[in-house]
Amino acid sequence: MIGLALSSAAAVSASEGSIKPLPSDEHEIEADIHFYSDRVQRDPGDFNAQNRLANAYLQRLRETNNAEDLAGATRAARISLATVPAVRNLSGLIVQAQALQFAHEFRNARDLAQRLVQLISNKPLSYEIFSDALLELGEYDKAADAVHNMERFGGISVDSETRQARLAFLRGKAALAQRRYTNALSIALQLNPPPRQPVAWCHWQMGEVAFSTGDYAGAQQHYRGALTVFPDYYRALAGMAKVLAARGETAEAIDYYRRAIERFPDPAFAAALGDLYHLQGRENEAASQYQIVRAIARLNQVNGQLYNRQLALFDADHDSETQEGYLNAAREYAVRKDLYGADALAWTALKAGKVAQAQEASKQALRLGTQDAILYYHAGMLARAAGDTAKSHAYLSHALELNPRFDPLQAPLARRALGESTRGE
């Protein structure tokens with residue numbers, strides 16, 4: 001097992017020499033999609049070709065997050081399993097479970113992954129898919145057991161370390177999460193050839209953890225590393241925008257958000273860009289971006305499912321359509337009880353005037369001790385609304401200590417509320 005002793009600063013230093021552009025397999029994936037599309041067009045009952053087509057779409061989806069790729073993978077997996085049942089078509093079961101995961105149909109993905117575990121209980125991939133669904137559903141202890149089985153049957157790998165990292169972060173252990181991501185990156189770089197998307201993804205995740213702890217210089221370096229490995233990687237472009245905004249480099253942040261949106265029009269990117277325009281007094285441009293948020297989120301049924309939470313939080317952050325935002329968050333939390341879902345429910349319930357329900361949801365959001373400023377900011381504003389000045393002061397102070405510029409719009413509100421509570425003591 002690769003050791004877990006690197007500090008965050010050492011991790012940055014150790015990885016600097018290995019950061020270089022990696023070759024894209026885009027053309028190979030495109031060729032596979034065309035080849036297998038032709039195969040299944042000639043013979044829709046060729047379930048092996050359908051599985052390979054679904055897998056190629058999923059490979060491209062990891063880089064693009066394009067809804068058309070998700071639709072293609074879902075369609076091919078469904079036809080494959082309709083042709084040959086899962087008990088004799090494990091590859092079809094695998095790609096269908098993975099497609100459901102991307103589509104945010106986490107309960108169905110969990111159920112299929114559980115069946116996969118029953119059918120092939122000694123393969124790490126079964127537990128990988130199972131753990132991903134469990135994490136999204138907030139079943140964290142079961143997810144940890146699934147990751148343990150990944151390691152039991154497959155050893156320490158990029159996939160196991162990244163999931164261990166996520167569990168560590170959720171449990172309030174940001175330094176351990178950073179070390180786990182460092183291990184994952186090290187393992188990925190030892191592969192021949194190193195896979196571009198997983199390597200860039202590890203760099204991006206390391207940037208996310210650094211940002212969450214207020215280490216803006218470290219975050220910027222990790223995001224830059226991701227963009228060196230994978231130029232125009234949309235996640236890293238948005239990460240750079242976020243950290244540049246936190247450092248007060250607003251014009252540069254706007255440019256990075258624009259580039260991210262060109263690569264992938266995520267409503268969260270459009271909302272963040274709109275906020276920066278608003279702060280610059282460019283209200284027409286801000287309004288245009290806010291309209292894009294709603295247009296993207298409501299474009300079709302798939303988008304509605306993918307971006308339901310983002311739209312609910314957008315409504316709460318901007319005090320618009322607060323009742324609808326609350327209902328959206330409540331509907332999602334009814335089937336997906338992860339801690340960020342609880343936080344979304346708490347924040348939207350507060351904005352909808354449902355303080356008691358918000359308080360209960362906030363307890364669930366904080367139950368693992370996750371060190372994320374946004375969770376403590378929401379809890380602090382909720383305690384303030386409930387008249388608990390001491391708890392509000394403690395939560396808001398902690399949020400700003402963790403990450404003093406966690407959001408261009410919300411962090412100033414946190415500082416203002418903290419100042420008011422301090423003057424009221």
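Select E136 and R336: both residues are buried (buried means under 20% relative accessible area, exposed over 50%, partly exposed in between, with a 1.4 Å probe and protein chains only). This is a predicted model, in which local features need pLDDT of at least 70 and side-chain atom pairs count only at pLDDT 80 or more, while totals for chains, interfaces and linings use all residues. Residues are numbered from 1 along each chain as its sequence is written, and side-chain values use heavy atoms, with hydrogens and water left out.

**Stop 1: salt bridges**

Stay with E136 and R336. Their side chains form a salt bridge, 2.5 Å from N to O. E136 sits in helix α7 (residues 124-137), and R336 in the loop between α19 (322-335) and α20 (339-351), so this pair links distant parts of the chain, 200 residues apart. A salt bridge here is a side-chain nitrogen of Lys or Arg within 4 Å of a carboxyl oxygen of Asp or Glu. Helices are DSSP runs (H or I, at least four residues), as are strands (E, at least two), numbered from the N terminus. By the salt-bridge rule, the count comes to 25.

Next, select E30 and R60. Their salt bridge spans 2.7 Å, N to O. E30 is in helix α2 (residues 26-42) and R60 in helix α3, so the pair ties together parts 30 residues apart in sequence. E30 is partly exposed, at 25% relative accessible area.

Now pick E139 and K142. The closest N and O atoms of this salt bridge are 3.6 Å apart. E139 is partly exposed at 21%. K142 is exposed at 52%. Then select E136, R166, R309, E332, R336 and D338: salt bridges with shared partners join these residues into one network.

**Stop 2: an enclosed helix**

Go to helix α18 (residues 308-317). Is this helix enclosed or open? Seven of its ten residues are buried, so α18 is largely enclosed by the rest of the structure. Among the buried residues are R309, L311 and F314. After α18 comes D319, with a positive phi near 50°.

**Stop 3: inside contacts**

Select Q50 in helix α3 (residues 47-64). Q50 is buried, at 3% relative accessibility. Its side chain reaches the backbone oxygen of P44 at 3.1 Å.

Move to T370, in the loop between α21 (355-365) and α22 (373-385). T370 is buried, with a relative accessible area of 0%. The C-alpha atoms of T370 and F169 are separated by 6.5 Å, though the two residues are 201 apart along the chain.

**Stop 4: backbone details in loops**

Which loop holds N65? N65 lies between α3 and α4 (67-83). Its phi is positive, about 60°, although N65 is not a glycine. N65 is partly exposed at 25%.

H104 comes next, in the loop between α5 (90-102) and α6 (106-119). Phi of H104 is also positive, near 65°. H104 is partly exposed at 29%.

Then look at N192 and P193. The peptide bond from N192 to P193 is cis, with omega near 0°. P193 is in the loop between α10 (174-190) and α11 (196-212).

How values were computed: Polar contact = N/O pair within 3.5 Å; in protein donor to acceptor, adjacent residues only side chain to side chain.
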